[in-house]
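Dear colleague,

I am handing over the structure below, together with notes on what was found in it. Please read the notes alongside the coordinates.

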Amino acid sequence: AALERLADEIRRAETVVALTGAGISAPSGVPTFRGDDGVWEHFDEGQFTYGRFQRDPAGFWDDRVALHRDLFGEEYEPNVAHEALAELGRDGHLEAICTQNTDGLHLDAATGVGGDGDSSQSHSSTDANATGSETTVLELHGNAQRVRCQECGARTDADPIYDRAENGELPPTCDCGGIYKPDVVLFGEQLSGAAIQRAQALARESDVFLAIGSSLVVTPAASLPRTAAATGATVGIVTLEETPLDDVADVCCRRDVTDVLPRLSSLVTRD
Ligand code: OAD
């Protein structure tokens with residue numbers, strides 16, 4: 001019944017916005033950060049800060065290679081939850097996806113590309129990436145399949161750079177001599193103001209705001225559902241575990257995203 005209600009609201013809404021986190025990619029095999037067997041149980045969060053990158057780029061990269069291999073060592077494909085959101089977008093029911101994930105799977109789902117990168121991903125992490133569907137994908141934390149030169153700003157495919165680092169080029173550098181940094185937001189690094197503002201504006205504009213597969217403890221994700229609720233949106237939260245924002249949600253579905261989202265999408269799009 002809760003899902004039916006959410007589907008009705010989505011059908012009637014002018015603007016629907018989704019915020020996603022690691023939980024939506026977990027069924028694709030991508031490890032989550034927190035919770036059972038989360039990445040931060042195997043790696044020390046403190047080694048991957050922006051401060052460490054600046055102080056000790058060689059050591060940072062040495063550790064980062066191991067983290068990257070753990071996170072992205074295999075190729076992932078979008079799952080039915082990513083696809084359900086892409087379908088909602090194609091049907092005109094989803095304005096934007098703000099994602100904390102750096103795996104690029106929303107873009108893959110929207111463009112029908114599996115695994116590999118695609119030219120539409122070569123945008124700045126702060127850009128809203130037009131995906132060919134109606135839906136804007138805003139990668140709030142960047143994209144781990146790219147690195148960016150800290151000197152000239154050039155972005156390039158991450159794979160060969162990780163290979164070079166693994167082969168002893170620590171830290172890996174650009175032709176211009178600048179040091180590469182993974183094109184993701186590190187702890188202690190500011191998210192781009194433009195990306196935050198865009199996400200906040202979307203939250204304010206939304207009539208329905210869906211928070212999916214996120215523990216909602218890292219800002220700005222932690223504040224967006226509250227902003228949406230404060231400006232009158234119906235807020236739905238879909239995660240396995242409780243979140244600190246459950247009290248602002250109109251609907252909480254504590255179930256697997258691969259269960260909930262295809263059902264929601266078919267409820268919304270049925271004739
Ligand atoms: P977390 O790992 O903190 O939370 C994942 C959430 O997804 C948890 O609440 C789980 O209950 C839920 N979950 C896992 N599998 C699920 C499934 N199959 N169906 C439904 N829910 C499921 O991930 P995020 O909230 O994305 O930041 O983490 C936020 C940020 O913290 C990340 O972007 C990263 C991390 O440190 C940076 O790297 C800057």
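**Ligand site and cysteines**

The ligand is surrounded by 23 residues, each with a heavy atom within 4 Å of it, and the closest are Ala-22, Arg-34, Ser-214, Ser-215 and Glu-241. This is a predicted model, in which local features need pLDDT of at least 70 and side-chain atom pairs count only at pLDDT 80 or more, while totals for chains, interfaces and linings use all residues. Residues are numbered from 1 along each chain as its sequence is written, and side-chain values use heavy atoms, with hydrogens and water left out.

By type, the shell around the ligand divides into 10 nonpolar, 9 polar (Gly among them) and 4 charged residues (Asp, Glu, Lys and Arg count as charged).

As for individual atom pairs, an oxygen atom of the ligand is 2.8 Å from an N or O atom in the side chain of His-141, and an oxygen atom of the ligand is 3.0 Å from a polar backbone atom of Phe-33. A nitrogen atom of the ligand lies 3.2 Å from a backbone N or O atom of Leu-240. On its own the ligand has 790 Å² of accessible area (Shrake-Rupley method, 1.4 Å probe), of which the protein covers 92%.

Turning to the cysteines, a search of the whole structure finds 0 disulfides (pairs of cysteine sulfur atoms within 2.5 Å). The sulfur of Cys-149 has its closest cysteine sulfur in Cys-176, but at 3.6 Å this is too far for a bond.

Best regards

Key
A polar contact is a pair of N or O atoms within 3.5 Å; within protein, one must be able to donate a hydrogen and the other to accept it, and residues adjacent in sequence count only if both atoms are side-chain atoms.
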